[in-house]
Amino acid sequence: MLRALIVPASSGEWEDGGGRLPDECAVLIWSCLTLAEQMRISGLSVAGRHGAPPVVHLAVVANRLSQALASPTAGTDVREMRALTELAGNSRESLRFHFPACVSFVCGLMRSPKTCTNTRQCAVGCAGWLLGNPRRLCEVFAEYDCNVDQPAVLESALESLAWATSHDSLRCHAVRVLVGIARAVAAGVAAAMPVSAGGMTDNPASASQLGPWATAWAEQQRLGSEAKGQINAFNCEPEVWWRACNDANCDADHAARFLFRNRSAMDEQKLGHFLGQHGDVLEAYLRHFDLKGLAIVPAFSRVLQGMQLPGEAQQIDRFCERFGTAWGQANKINSEAAYIFAFSLIMLSTDLHRTTCRSQGHMTLAQFEKSLRGALPRKSRVKNKMIRDAYTAIKIDPLWARRQGDGEESPREICKRLRQALHRSQPWAKQQRLGQSPVGMQDLWRALWSACWGPLLGAFSAGAHGAGKDATLHEMGLRGLQLCCQVATMLQEVEQAQAFGTALQQLSGSHCC
């Protein structure tokens, strides 16, 4: 049946009367394959490449982009990034599950100080292209930001663009992109809202009513506020937080899911200490990591992202036992052998990176291999190459070295994160469909505006204020404030219109002076 994916319909191989399988069958076959298998098949023939799902083409472009980011050839990375962005935008319906990862990738490059200026400026423009028309703004906001099961895409992208307006090298590009987004919002609101001769909507009571989209967004905001409160409670006193969870009938799986989703905001030391004390939560926490196919040191690094190893020997032993079980099950390695291997790496890291006098040497590869082989079960599947690779990796970087945060990642690391996201396959929840009724679209635009007016006000104010002698940049900032003031007026958001109007008046006067 795989011939249907790699042999063109006009080929002589199909002259036996069998005929090519219908497209519906080919789509079903593709869906049964992993991304790695899809990429291998798509490379076998032209027909395979043409019939491959969009995620395969996206993965190919991501691989090329990763190579371009490490290549000294100027302009290659920008060209590949634009190709990736166009593919993600044009095939968004087919890439619904992976679209947030693409936006996160663009925003990550934008924020990374290790990325060259030209690439960061291109990332700003790509973010604008992904969001810069009314229809796509509505679709993205409805499908992700108003869905409690999906990450907020529009909100995070606007926050990144607003952040970019505070940096001299990115300010002009970010303000230009945000003006385009404000113009798209203004066009969408104007099309959805019936406007009277006085410039106000004909249904004044609707401004205070919450429709389904506004209700969904308000629920997202409520959950976000609750999550921040929970994060603060954990960072203040983890055990008190855990007792509150038990009082609310939250089990270890629920607590582990919360800690995993918010690990970047958690106190690293307290998170490691808490997990070391609660083995059931640690076991559930480790289940959220995809460790299949990873060597043990990269798997350790992935788990330690956002946390520090606990300091007590008993907690370290418990951590290694749970981690060894999770990694061993994912890679078909005996759990006891994986546990011993993991604990030996802790000891090796301590030995190789301790400060010592010259008379005391560090453990050699031969010594480590002999010691580990003596402790491992006889029928363990730990190969010599795995031991050598682990020793080399630990010698370069200790296990408990401070892991990089989002703003410290290199371009290649950000691209690697995107490729890993593309290889994850999960069932997609029910899609949030846009309502076709005027009332439904009005409600959607009201909810969208409540999400974006704050970042836009701060970004345009910062852009105009930081323009200095750049009259063009200052004019763009003022234009953005003017567009937002018009939107707030059409939506009868009086306080927001006054805020934009005040900023517009102050910044216009300050530049004239």
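Visitor: Is G180 buried, partly exposed or exposed, and what is its relative accessible area?
Guide: In this predicted model, G180 is found in helix α11, which spans residues 168–192. Partly exposed residues lie between the 20% limit for buried and the 50% limit for exposed. G180 counts as partly exposed, because its relative accessible area is 25%.

Visitor: How many Å separate G180 and W129, C-alpha to C-alpha?
Guide: In sequence, G180 and W129 are 51 residues apart. In space, their C-alpha to C-alpha separation is 9.2 Å.

Visitor: What is the secondary structure of the protein, and what percentage of its residues count as buried?
Guide: The protein has 25 helices and 0 strands. Its accessible surface comes to about 25,700 Å², with 52% belonging to carbon and sulfur atoms. Of the 513 residues, the share that counts as buried is 46%.

Visitor: What percentage of the contacts with a separation of 6 or more is due to residues 24 or more positions apart?
Guide: The count considers contacts in the protein with a separation of 6 or more. Within that set, residues 24 or more positions apart account for 68%.

Visitor: Which side chain of opposite charge is nearest to D145?
Guide: D145 lies in helix α9, residues 134–145, and is buried yet has no salt bridge. Its contacts beyond four places in sequence include P151, V153, W217 and Q220. A salt bridge requires nitrogen and oxygen within 4 Å. The nearest side chain of opposite charge is 9.5 Å away and belongs to R92.

Visitor: How many aromatic pairs does a search of the whole structure find, and what is the geometry of W327 and F341?
Guide: The search finds 18 aromatic pairs. W327 and F341 form one of them, at 6.3 Å centre to centre and with 70° between the planes. Planes over 60 degrees apart count as edge-to-face, so the geometry of W327 and F341 is edge-to-face.

Visitor: Which helices hold W327 and F341, and are these residues buried or exposed?
Guide: The two residues are 14 positions apart, and their pair links distant parts of the chain. W327 belongs to helix α18 (residues 313–330) and F341 to helix α19 (residues 335–352). Both W327 and F341 are buried.

Visitor: Over the ring of which residue does the charged end of R263 sit?
Guide: The charged end of R263 is 4.2 Å from the centre of the ring. That ring belongs to F260.

Visitor: How many residues apart are E226 and R222, whose side chains meet in a salt bridge?
Guide: Their N to O distance is 2.3 Å. E226 is partly exposed at 42% relative accessible area, and R222 is partly exposed at 38%. Both residues lie in helix α12 (residues 212–236) and are separated by about one helical turn, because they are 4 residues apart.

Visitor: Where are R287 and D253, which meet in a salt bridge?
Guide: The side chains of R287 and D253 meet at 2.7 Å, N to O. The pair links distant parts of the chain, 34 residues apart. R287 counts as exposed at 53% relative accessibility, whereas D253 is partly exposed at 36%. R287 is in the loop between α16 and α17, and D253 is in helix α14.

Visitor: Which helix contains both D389 and K385?
Guide: The side chains of D389 and K385 meet in a salt bridge of 2.8 Å, N to O. D389 counts as partly exposed at 39%, while K385 is exposed at 52%. Being 4 residues apart, they are separated by about one helical turn of helix α21.

Visitor: What is the phi of N249?
Guide: Most residues other than glycine have a negative phi. N249 is found in the loop between α13 and α14 and counts as exposed at 72% relative accessibility. Although N249 is not a glycine, its phi is positive, at about 65°.

Visitor: Where does Q492, which has a positive phi, lie?
Guide: Q492 is not a glycine, yet its phi is about 60°. Q492 lies in the loop between α24 (471–490) and α25 (494–512).

Definitions and conventions. Residues are numbered from 1 along each chain as its sequence is written. This is a predicted model: local features need pLDDT of at least 70, side-chain atom pairs count only at pLDDT 80 or more; totals for chains, interfaces and linings use all residues. Side-chain values use heavy atoms; hydrogens and water are left out. Buried means under 20% relative accessible area, exposed over 50%, partly exposed in between (1.4 Å probe, protein chains only). Contact means heavy atoms within 4.5 Å. Accessible areas come from the Shrake-Rupley method with a 1.4 Å probe; for residues, only the protein chains shown count as cover. Lys and Arg count as positive and Asp and Glu as negative; His and the chain ends are not counted. Rings of Phe, Tyr and Trp (its six-membered ring) pair if their centres lie within 6.5 Å; planes under 30 degrees apart count as stacked, over 60 as edge-to-face and the rest as tilted. A charge sits over a ring if NZ of Lys or CZ of Arg is within 6 Å of the ring centre and within 35 degrees of the ring normal.
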